[in-house]
Amino acid sequence: MRHGKKINHLGRTSAHRKAMLANMACSLIEHKRINTTVAKAKALKQYVEPLITKAKTENNQTAEKGMHNRRVVFSSLRNKYAITELFSTVAEKVGDRPGGYTRIIKLGNRLGDNADMAMIELVDFNELYNAGDTKKKSTRRSRRGGGAKKAEAPAPAAAETKTDDSEE
């Protein structure tokens, strides 16, 4: 029985699992989205979100805290180019988000072995999903004929222009 075992071992030794998650996290930070299996995507989400939280600018107000957080993240990722990208571009985009930096989208099954595939991406870097979020949500109005007046107003104006054209 697996009572209280929260980690998915992914069929690997701990050293292999740590190296694989570090490499996948570096690829996610560099490319902003990667395709993988659903199980690996869920494990990667748990691995990378605390690292993104450490990279946020509100957690790096002083130089000492900033350097400490860079070293903590570097001990996990072991790639200085990914660290630079994480602490500059990614931290700037996710500055106001309180959490939930990644999104997992299921893609279907892989042809070779029928494994469940998923795409994991950084939420703030997907312009297609965020395009609808930019407009402000309007409050709900009552439906007591306000919409009908707006629809009827242009119609007589169009009729008047036709009559003006026919008279000439």
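My notes on the salt bridges follow, pair by pair.

I was working with a predicted model, and my search of the whole structure returned six salt bridges.

I then checked accessibility and found Lys 32 buried, at a relative accessible area of 14%, whereas Glu 85 is partly exposed at 24%.

Next I turned to Arg 33 and Glu 121, which form a salt bridge with their closest N and O atoms 3.2 Å apart. This pair links distant parts of the chain, as Arg 33 is in strand β1 and Glu 121 in strand β3 (residues 116–122), 88 residues apart. For Glu 121 I noted a relative accessible area of 0%, which means that this residue counts as buried, while Arg 33 is partly exposed at 38%.

I then looked up Asp 124 and Arg 97, where the closest N and O atoms of the salt bridge are 2.9 Å apart. Because Asp 124 lies in the loop between β3 and α5 (127–130) and Arg 97 in the loop between α4 and β2 (102–109), the pair ties together parts that are 27 residues apart in sequence. Finally, I recorded that salt bridges with shared partners join Arg 33, Arg 103 and Glu 121 into one network.

Note on methods: Residues are numbered from 1 along each chain as its sequence is written. This is a predicted model: local features need pLDDT of at least 70, side-chain atom pairs count only at pLDDT 80 or more; totals for chains, interfaces and linings use all residues. Side-chain values use heavy atoms; hydrogens and water are left out. A salt bridge is a side-chain nitrogen of Lys or Arg within 4 Å of a carboxyl oxygen of Asp or Glu. Buried means under 20% relative accessible area, exposed over 50%, partly exposed in between (1.4 Å probe, protein chains only). Helices (H or I, at least four residues) and strands (E, at least two) are DSSP runs, numbered from the N terminus.
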